[in-house]
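This report describes the fold, the surface and selected local features of one protein chain. The sequence and the model are shown first.

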Amino acid sequence: MGKAIADRLLEAGARLAIVDVNPEAIKRVAETESRALAILADVSCEDDVRRAVDQTVARFERLDILVNNAGTEIPGTVEELTSKQWDRQFAVNVKGAFLFSKYSIPYIRRQGGAILNIASIDALVSYPGNAAYDSSKAALLAFTRTLAIDHGRDGIRVNAICPGYIDTPLLNSYFERQPNPPEARRAVVAQTPVGRMGTPGEIAEAALFLVSDAASFISGAYLVVDGGISVAGR
Ligand SMILES: NC(=O)c1ccc[n+]([C@@H]2O[C@H](COP(=O)([O-])OP(=O)(O)OC[C@H]3O[C@@H](n4cnc5c(N)ncnc54)[C@H](O)[C@@H]3O)[C@@H](O)[C@H]2O)c1
């Protein structure tokens, strides 16, 4: 999803830095693009984040848009999860967004801009055996609202996207954990009003809209992009 968002922003004319802990992930975007900077960093590590923001501003001399997309999903009920796993879940999905916002806002406020957090429909509806992930995404929505309130007058709009089932490696590992993965996939498609899963490109279109001037009066909001699954009753 991060790659699709980066590609769409590049297409729209942005210059950008792509941050990932996995060297393969950043290589795919950055090697082919002179307007992109690849930064290897763990979003949960304060020194890494400070370095990533510094490198970005050193290269592009400004920072207008921050997209907090990096995320991980550590499954388990409360009984199954260790406290270390709980902490890791929050460190990546919530603290990562906190750290990037903390170090980016001083630059974004110079001319104004936008922050976008990639949450999940799991922030709004709950799924079995996903206590830490669902809680982390709900926290990210609250964080989005607070940032919007605190920094609106800095000219910074802050919003979130709640994706539903989007076909990515993360979703694939979710299905692989199910007793019957093909059946689990079929069930999701059957429950989704539009009759299919989403694509990373469809999240990227929503992301471009929310960070662009087309969304100039939208702040503190979340946009559900899920083909209707979160409002579908049985
Ligand atoms: N795929 C879905 O159906 C779905 C649904 C709702 C929300 N989301 C959210 O969308 C975002 C993107 O998910 P995706 O499906 O593309 O997942 P993905 O696993 O395909 O990609 C996530 C990326 O984040 C990177 N990452 C993980 N931990 C990191 C860390 N500590 N520091 C830096 N980078 C790190 C990974 O290396 C990977 O490249 C995540 O926040 C995820 O929770 C996904």
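## Burial and overall dimensions

A residue is called buried when its relative accessible area is under 20%, exposed when that area is over 50%, and partly exposed in between. The structure discussed here is a predicted model. By this criterion, 44% of the 234 residues of the protein count as buried.

The radius of gyration of the protein is 17 Å, which agrees with the value near 17 Å for a compact globule of 234 residues. The C-alpha trace spans about 50 × 40 × 40 Å along its principal axes. Where residues at least 6 apart in sequence are in contact, 66% of the contacts join residues at least 24 apart.

## Secondary structure

The protein contains eight helices and six strands. Their order along the sequence is α-β-α-β-α-β-α-β-α-β-α-α-α-β.

Helix α1 covers residues 2–11, and its buried residues are Ala4, Ile5, Ala6, Arg8, Leu9 and Leu10. Just after α1, Gly13 adopts a positive phi of about 105 degrees.

## Surface and charge

The protein exposes about 11800 Å², of which carbon and sulfur atoms supply 53%. Its side chains include 25 positive and 28 negative ones, and the centres of these two sets lie 3 Å apart.

## Aromatic pairs

A pair of aromatic rings is described by the distance of the centres and the angle of the planes. The structure holds five aromatic pairs. In one of them, Tyr127 and Tyr165 are arranged edge-to-face, with 6.2 Å from centre to centre and 90 degrees between the planes. Tyr127 belongs to the loop between β4 (113–118) and α5 (131–151), and Tyr165 to the loop between β5 (156–163) and α6 (169–176), so this pair ties together parts that are 38 residues apart in sequence.

Because Tyr165 lies in the loop between β5 and α6 while Phe175 lies in helix α6, the pair ties together parts that are 10 residues apart in sequence. Both Tyr165 and Phe175 are buried. Ring pairs join Tyr127, Tyr165, Tyr174 and Phe175 into a cluster.

## The loop between β5 and α6

Thr168 is also placed in the loop between β5 and α6. Thr168 counts as buried, with a relative accessibility of 14%. Beyond its neighbours within four places in sequence, Thr168 is in contact with Met1 and Pro200.

## A positive phi at Glu61

Most residues other than glycine have a negative phi. Glu61, a residue other than glycine, has a positive phi near 65 degrees. Glu61 is located in the loop between α3 (46–60) and β3 (65–68). With a relative accessible area of 69%, Glu61 is exposed.

Which residues does Ile39 touch, not counting residues up to four places away in sequence? They are Ala17, Ile18, Val19, Asp20, Ile26, Arg51, Ala52, Gln55 and Thr56. Ile39 itself is part of strand β2 (residues 36–40) and is buried, with 1% relative accessibility. Arg88 is 49 residues away from Ile39 along the chain, and the C-alpha atoms of the two are separated by 21 Å.

Leu81 occupies the loop between β3 and α4 (83–108). At 12% relative accessibility, Leu81 is buried. When neighbours within four places in sequence are left aside, the contacts of Leu81 are Ile74, Pro75, Gly76, Trp86, Ala131 and Ala132. Leu81 and Ala132 are 51 residues apart in sequence, and their C-alpha atoms are 8.0 Å apart in space.

Conventions
Residues numbered from 1 in each chain as written. Predicted model: local features only at pLDDT ≥ 70, side-chain atom pairs only at ≥ 80, totals over all residues. Heavy atoms only, no water. Helix = DSSP H or I, 4+ residues; strand = E, 2+ residues; numbered from the N terminus. Rg over C-alpha atoms; globule rule 2.2 N^0.38 Å. Buried < 20%, exposed > 50% of the residue type's maximum accessible area, 1.4 Å probe, protein only. Contact = heavy atoms within 4.5 Å. Areas by Shrake-Rupley, 256 points an atom, 1.4 Å probe, with all protein chains shown as cover. Lys, Arg positive; Asp, Glu negative; His and termini not counted. Charge placed at Lys NZ, Arg CZ, Asp CG, Glu CD. Phe/Tyr/Trp six-rings, centres within 6.5 Å; stacked < 30°, edge-to-face > 60°.
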